[in-house]
Amino acid sequence: MYTKVTLISALLAVAEARFSQEQVPVAGVQALGSFGNPGEAATLAGSVPGVLLAAANPCAKLTLADKIVSSLGTDASVIAAAKNLVAAEQNFNPFAVSVPNICGDATLPATAELRGIVPLVDPAVTGSNTENTNSKTSLQNPFDATGLSVADVMKAQGFSNFTIAGAAANGNANNNNNNNNNNNNAGAAKSTTTTAAAAATTAATTAATKTKTKCAGSKATTASTTTTAAAAATSAASNNNNNNNSGNASNSGSTAKAGAGAVTNPTTGNFAGFQASSLGLNFGTCTPTVKFEESLNGRKAGEFTFQAQDPVVNKGQQEALNPNIIFNRICDQLGNVCGAAADAVTACRSAQSSLGSGAKDATTANAWNTALGFSGANINPDNAPQTGLVGHT
């Protein structure tokens with residue numbers, strides 16, 4: 001009897017210990033009080049338990065880890081605390097379910113230093129030894145996560161005993177397919193437009209030819225018919241282009257790209273829609289411009305931060321005091337999500353290298369936009385207050 005009671009007590013103690021996993025990363029974040037604004041680290045630390053509860057969306061902790069870096073900076077101690085959160089075990093009730101939930105969003109985490117890290121899982125899960133060894137390894141040497149979700153990385157490293165939240169089961173394949181579809185759609189729009197234009201032009205030429213044949217003696221009639229047919233051709237091509245892709249933009253003669261349309265969002269702000277680089281760089285479906293505004297995402301009055309303007313690029317990152325965090329995010333998204341050309345990503349990385357440690361003011365935002373071919377881009381599209389703004393033009 002004593003042995004049975006002891007065994008039950010031990011099992012209950014183990015279960016209780018597993019249910020307290022949401023507290024493990026808290027201390028590391030609380031210790032970052034010297035970074036960011038006063039009280040900011042404590043507020044972030046207070047958010048940790050909620051994203052590690054059993055019922056929480058597994059992508060929420062990755063978003064919070066990104067926010068820790070964007071709010072507190074890229075000091076090694078900040079990165080370490082954020083890494084530990086990414087690797088943290090989410091609460092898990094083995095009496096209710098048999099496998100954990102894992103984030104399948106390939107855009108998270110957005111911070112480069114946090115990618116390739118995989119989480120611990122409850123020891124009760126079959127295969128947990130493999131995963132927990134991988135998790136410890138990834139903290140020191142992150143796995144390749146190019147275009148992959150955390151779930152994809154875990155599968156690639158030999159553990160797949162989980163369910164996925166936040167995206168479809170094959171996050172990477174879907175992401176690549178989406179990129180291919182975007183590129184194919186852009187190509188299809190061009191092809192369809194070209195075909196329509198060619199057909200309309202042919203019709204115009206035919207009409208003009210018939211008119212000349214029928215009315216050879218009337219120059220006025222021929223000119224009128226030709227002009228009308230040409231106008232119809234232009235109108236047909238224009239209408240077809242607008243119907244297929246109203247968001248397309250010309251890129252100094254290069255293939256038009258299907259970018260996001262105008263967006264207004266309480267968090268990401270105003271985005272006018274896809275724009276093409278004046279330098280002829282192919283940024284795929286995204287526009288890599290930044291803004292520099294006061295009080296972004298609830299920041300205090302007088303505090304200016306950087307943020308990507310395109311909501312697709314900005315997803316999961318929000319704003320940051322450090323421009324390099326935003327620049328890095330933009331370059332990552334261009335390659336992972338936007339389908340940008342290799343030379344465009346290289347140009348982005350080059351701009352990041354030269355401007356990432358620049359002044360935390362409007363001059364850096366303007367220099368970034370100019371470097372990528374968006375000179376004169378509005379860095380205050382939300383018409384935020386500009387009190388005390390340095391370098392604003």
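**View 1. The buried side of helix H12 in a predicted model.** In this predicted model, helix H12 has as its buried residues Ala344, Val345, Cys348, Ala351, Gln352 and Leu355. These residues lie on the same side of H12 because they cover an arc of only 120° around the axis. In an α-helix there are 3.6 residues a turn, so residues three or four places apart point the same way. Helix H11 (323–336) and helix H13 (362–371) are the elements against which the buried residues of H12 pack.

**View 2. The length and the opposite face of helix H12.** Helix H12 spans residues 342–355, 14 residues in total. From its first C-alpha to its last it reaches 20 Å, close to the 20 Å expected at 1.5 Å a residue. Exposed residues Ala342, Thr346, Ser353 and Ser354 are carried on the face turned away from the buried side of H12.

**View 3. Trp368 and the largest nonpolar core.** The largest nonpolar core has 73 residues, of which Ile68, Ile330, Leu334 and Trp368 touch the most other members. Leaving aside residues up to four places away in sequence, Trp368 touches Pro288, Val290, Phe327, Ile330, Cys331, Cys348, Ala351, Gln352 and Leu355.

View 4. Helix H5 (residues 76–87) has the highest confidence, at 96, and strand S4 (residues 254–258) the lowest, at a mean of 33. Over residues 168–259 the pLDDT is below 50, although the model gives this stretch 82 contacts beyond near neighbours in sequence. Where pLDDT is low, the predicted coordinates should not be read in detail.

Key: Residues numbered from 1 in each chain as written. Predicted model: local features only at pLDDT ≥ 70, side-chain atom pairs only at ≥ 80, totals over all residues. Heavy atoms only, no water. Helix = DSSP H or I, 4+ residues; strand = E, 2+ residues; numbered from the N terminus. Expected span 1.5 Å × (residues − 1). Buried < 20%, exposed > 50% of the residue type's maximum accessible area, 1.4 Å probe, protein only. Arc of directions from axis to C-beta. Contact = heavy atoms within 4.5 Å. pLDDT = per-residue confidence, 0-100. Core = buried A, V, L, I, M, F, W, Y, C linked by side-chain atoms within 4.5 Å.
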